[in-house]
Amino acid sequence: MPGENRDVHTAIVLQGGGALGAYEYGVLKALYEQRPGFRPVAVAGISIGAITAAVLGGAKGNPISALDRLWRDKLTVSPPLPIPWLPVQIDQSLAVLGNPGMYHLDAALFTAPWMSTSIYDAAPLRQTLTELVDLGALNDEDTRVSVGAINVGTGELEFFHSRQPDGLRFEHVVASGSLPPSFPATAIRGESYWDGGLFSNTPLNPAINALEGAANGDPFAVRELIVVELFPMKAPIPATMYDVLQRMFQLQYTSRLTLDEKFFDTIDQVVDLMSKIDESLPEDSDIRSDPVYAKMRAHRKINHFNIVTSSLPAELSNVSDFSRSSIEARIQAGYDDAIRQGIGRCDAPGLRSGVTDDPVGSS
């Protein structure tokens, strides 16, 4: 059955974080390696996480091979000529001038800078997506892909997904990564969109909604949520101005998942309570036809909630550093952290895990 792995239905959440997204690829590489035949029911991403999600869900061929090409070929920035004596600081800053697989400097900066609204143009990203992603595969029934972007005019976060009537398109993915002032707003149906990370960098809602609908809503199905956290809540106290700026950026985009633990526990309790109420209600009770009651009964438990949190040191935490050495180090760190956590098991230790002995009864 699509989206199923040993009777476990899994959704993946990918944060935004520029070049740190290579860490997410490392985690996914370990996940697919440890679970042969794995395919998630859903993957939701923001910004660079949206790009990774689109390639994962709509790859032309093997998804991990496509992600490998994305990160090691398309998004890695190297000097135009091999220069062995190039200082590491310059090597790590080359992406400021452009990234061949993602963006280049906006020509308006040189011709009419007073009219420009961004530093870069994201045309190369559209080309990269065209090369790596099959729109048919992206919008098939296997994996639901969701990406988030913020409507510049309304200030509201909107999610676009592969099951919507017109499907998920490349402009939706580009919109999710249109972080100002680096990138211009992306136009979709007359509306302008910026990077969804400005509002929320951890798209839990679309992933949870997809999980609740997995297995046709079967209350006995085992559901798992995997979150890759690029910006950890905990970190050393800053000792320099650079450290201060880095920590400010971390706190702006961190997921605050520790605050969500109580929320998930509360939902589980409500699901259990609704099951007991349903069992005690007479079959002819008017409450059964109440739409609010039906909506509450449709909620499902998430049996496993696993988080892989970045362990990247400060020197690898620069979101604009797309140098080969840094990309390789982040891929390896993500892979190692996922293996260490036991990503091959759906009950790997995370924020909360463990299949319940008392699943919700049938509606």
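**Entry 1: ground rules**

I'm numbering residues from 1 along each chain as its sequence is written. Since the model is predicted, local features need pLDDT of at least 70 and side-chain atom pairs count only at pLDDT 80 or more, while totals for chains, interfaces and linings use all residues, and side-chain values use heavy atoms, leaving out hydrogens and water.

**Entry 2: strand 11**

I looked up strand 11, residues 222-229. Strands here are DSSP runs (E, at least two residues), helices are runs of H or I with at least four, and both are numbered from the N terminus. Is strand 11 mostly covered or mostly open? It's mostly covered, as eight of its eight residues are buried. Buried means under 20% relative accessible area, exposed means over 50%, and partly exposed is in between (1.4 Å probe, protein chains only). On one side I found Val222, Glu224, Ile226 and Val228, and on the other Arg223, Leu225, Val227 and Glu229.

Next I checked its neighbours. Two strands pair if DSSP finds at least two bridges between them. Strand 2 (residues 8-14) runs parallel to strand 11, joined by seven bridges, and Ile12 stands opposite Ile226. Strand 12 (residues 304-309) is parallel to strand 11 as well, with six bridges; there, Val227 has Ile307 as its bridge partner.

Then I moved to an open sheet with the order 4-5-6 and antiparallel pairing. Which strands are at the edges? They're strand 4 (98-99) and strand 6 (120-121), each pairing on one side only. Helix 6 (residues 123-132) packs on this sheet and touches strands 4, 5 and 6. Touching is a contact, meaning heavy atoms within 4.5 Å. The helix direction makes about 160° with that of strand 5; axes are lines fitted to C-alpha atoms, for helices over the stretch in contact, and angles run from 0 to 180 degrees between N-to-C directions.

Strand 5 (residues 103-105) has two bridges to strand 6. Leu105 is partnered with Tyr120 of strand 6.

**Entry 3: salt bridges**

I counted a salt bridge when a side-chain nitrogen of Lys or Arg is within 4 Å of a carboxyl oxygen of Asp or Glu. How many are there by this rule? The count is 13.

I followed Asp166, which is partly exposed at 31%. Asp166 bridges to Arg169, with the closest N and O atoms 2.7 Å apart, and also to Arg189, again with 2.7 Å between the closest N and O. Asp166 sits in the loop between strand 8 (157-161) and helix 8 (170-176), and Arg189 in the loop between strand 9 (186-188) and strand 10 (191-195), so this pair ties together parts 23 residues apart in sequence. Arg189 is exposed, at 69%.

Arg169 is partly exposed at 23%, and it meets Glu171 in a salt bridge of 2.8 Å, N to O. Glu171 is partly exposed too, at 27%. Elsewhere, salt bridges with shared partners join Arg69, Asp73, Lys74 and Glu131 into one network.

**Entry 4: a nonpolar patch**

Met241, Val244, Leu245 and Met248 make a nonpolar patch of about 410 Å². Patch residues have over 30% relative accessible area and no salt bridge; nonpolar side chains (Val, Leu, Ile, Met, Phe, Trp, Tyr) are joined within 5 Å, like charges within 9 Å. Accessible areas come from the Shrake-Rupley method with a 1.4 Å probe, and for residues only the protein chains shown count as cover. Met241 belongs to helix 10 (residues 241-253) and is exposed at 59%.
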